[in-house]
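User: I am new to this structure. Please take me through it in short questions and answers.

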Amino acid sequence: MSLGPLLSAPPPIPWHAFAAFAALAIGGAQLALPKGTVRHRVLGYSWVALMLVIAISSFWIQQIRLVGPFSPIHLLSILVLVTVPLAAWYAHTHKVTAHRGAMIKLYLFALVGAGIFTLLPGRIMHAVVFGQ
């Protein structure tokens with residue numbers, strides 16, 4: 001494992017990846033730690049900010065071009081840009097069940113699921129984890 005391929009990638013790929021790593025860690029902690037605490041809210045707002053950075057930065061990552069400069073992953077980014085603020089609003093308005101469901105789905109599909117696809121051969125993260 002070497003961070004070389006990631007660190008030598010053009011911006012915003014390193015920022016996108018490091019934000020995703022941080023979101024994975026914070027999101028995992030959020031799922032495991034007690035809910036409704038000040039810590040949960042602070043980590044939650046940090047996670048929301050990271051998810052927005054990840055989604056927005058993805059529009060400048062265009063290695064896979066299926067429709068002009070975009071790929072199906074950009075549809076996920078649009079979904080994240082809509083769902084993350086909505087999920088935060090659910091928490092703010094005390095719709096706990098809707099908040100929990102949206103956040104768990106975002107974590108599993110937008111982070112873990114999308115992250116698995118970055119490990120495919122030919123992708124930068126494949127080179128990071130498995131070598132050139």
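User: Leaving aside neighbours within four places in sequence, which residues does Leu-76 contact?

Analyst: This is a predicted model. Leu-76 sits in helix H4, which covers residues 73-92. Setting aside neighbours within four places in sequence, its contacts are Phe-109, Ala-110 and Ala-114.

User: How far apart in space are Leu-76 and Ala-114, C-alpha to C-alpha?

Analyst: Leu-76 and Ala-114 are in contact. In sequence, 38 residues separate them. From C-alpha to C-alpha, the distance in space is 8.7 Å.

User: Is Leu-76 buried, partly exposed or exposed?

Analyst: The relative accessible area of Leu-76 is 23%. Buried means under 20%, and exposed means over 50%. Leu-76 is therefore partly exposed.

User: How many helices and how many strands does the protein chain have?

Analyst: Read the elements from the N terminus on: the order is α-α-α-α-α-α. The count is six helices and zero strands.

User: What is the radius of gyration of the protein chain, and what does the globule rule give?

Analyst: The C-alpha trace spans about 45 × 35 × 20 Å along its principal axes. For 132 residues the globule rule gives 14 Å, and the chain comes close to that, so it is as compact as a globular protein of that length. Its own radius of gyration is 15 Å.

User: What share of the residues is buried?

Analyst: The protein chain exposes about 8,100 Å², and carbon and sulfur atoms supply 75% of that area. Among contacts with a separation of 6 or more, 58% join residues 24 or more positions apart. Of the 132 residues, the buried share is 33%.

User: How do H3 and H5 lie to each other: roughly parallel, roughly antiparallel, roughly perpendicular or oblique?

Analyst: H3 covers residues 38-58 and H5 covers residues 96-117. Their axes are 13 Å apart, at an angle of about 45 degrees. Roughly parallel needs under 35 degrees, and roughly perpendicular needs 65 to 115. That makes H3 oblique to H5.

User: Which residues of H5 meet H3?

Analyst: The crossing of H3 past H5 is left-handed. H3 brings His-40, Trp-47, Val-48, Met-51 and Ile-54. On the H5 side they meet His-99, Met-103, Leu-106, Tyr-107, Ala-110 and Leu-111.

User: At roughly what angle do H2 and H3 cross?

Analyst: H2 covers residues 13-32, and its axis comes within 9 Å of that of H3. The residues of H2 that meet H3 include Ala-19, Ala-23 and Ile-26. H2 passes H3 in a left-handed crossing. The angle is roughly 150 degrees. That makes H2 roughly antiparallel to H3.

User: Are H2 and H5 roughly parallel or roughly antiparallel?

Analyst: The axes of H2 and H5 come within 11 Å and cross at roughly 150 degrees. The crossing is left-handed. Over 145 degrees counts as roughly antiparallel. H2 and H5 are therefore roughly antiparallel.

User: Which residues of H5 meet H2?

Analyst: H2 contributes Ala-20, Ala-23, Leu-24, Gly-27, Gly-28 and Leu-31. Their partners in H5 are Ile-104, Tyr-107, Leu-111 and Val-112.

User: Is the peptide bond from Pro-11 to Pro-12 cis or trans?

Analyst: Pro-12 is in the loop between helix H1 (4-7) and H2. Most peptide bonds are trans. From Pro-11 to Pro-12, omega is near 10 degrees, and the bond is cis.

User: What is the phi of His-94?

Analyst: His-94 is found in the loop between H4 and H5. At 68% relative accessibility, it counts as exposed. Most residues other than glycine have a negative phi. His-94 is not a glycine, yet its phi is positive, at about 65 degrees.

User: Leaving aside neighbours within four places in sequence, which residues does Val-128 contact?

Analyst: Val-128 is in helix H6, residues 124-130. Its relative accessible area is 1%, so Val-128 is buried. Beyond neighbours within four places in sequence, its contacts are Met-1, Ser-2, Leu-3, Pro-5 and Leu-6.

Definitions and conventions. Residues numbered from 1 in each chain as written. Predicted model: local features only at pLDDT ≥ 70, side-chain atom pairs only at ≥ 80, totals over all residues. Heavy atoms only, no water. Helix = DSSP H or I, 4+ residues; strand = E, 2+ residues; numbered from the N terminus. Buried < 20%, exposed > 50% of the residue type's maximum accessible area, 1.4 Å probe, protein only. Contact = heavy atoms within 4.5 Å. Rg over C-alpha atoms; globule rule 2.2 N^0.38 Å. Areas by Shrake-Rupley, 256 points an atom, 1.4 Å probe, with all protein chains shown as cover. Axes fitted to C-alpha atoms, helices over the stretch in contact; angles between N-to-C directions. Left-handed = near helix turned anticlockwise from the far one by under 90°.
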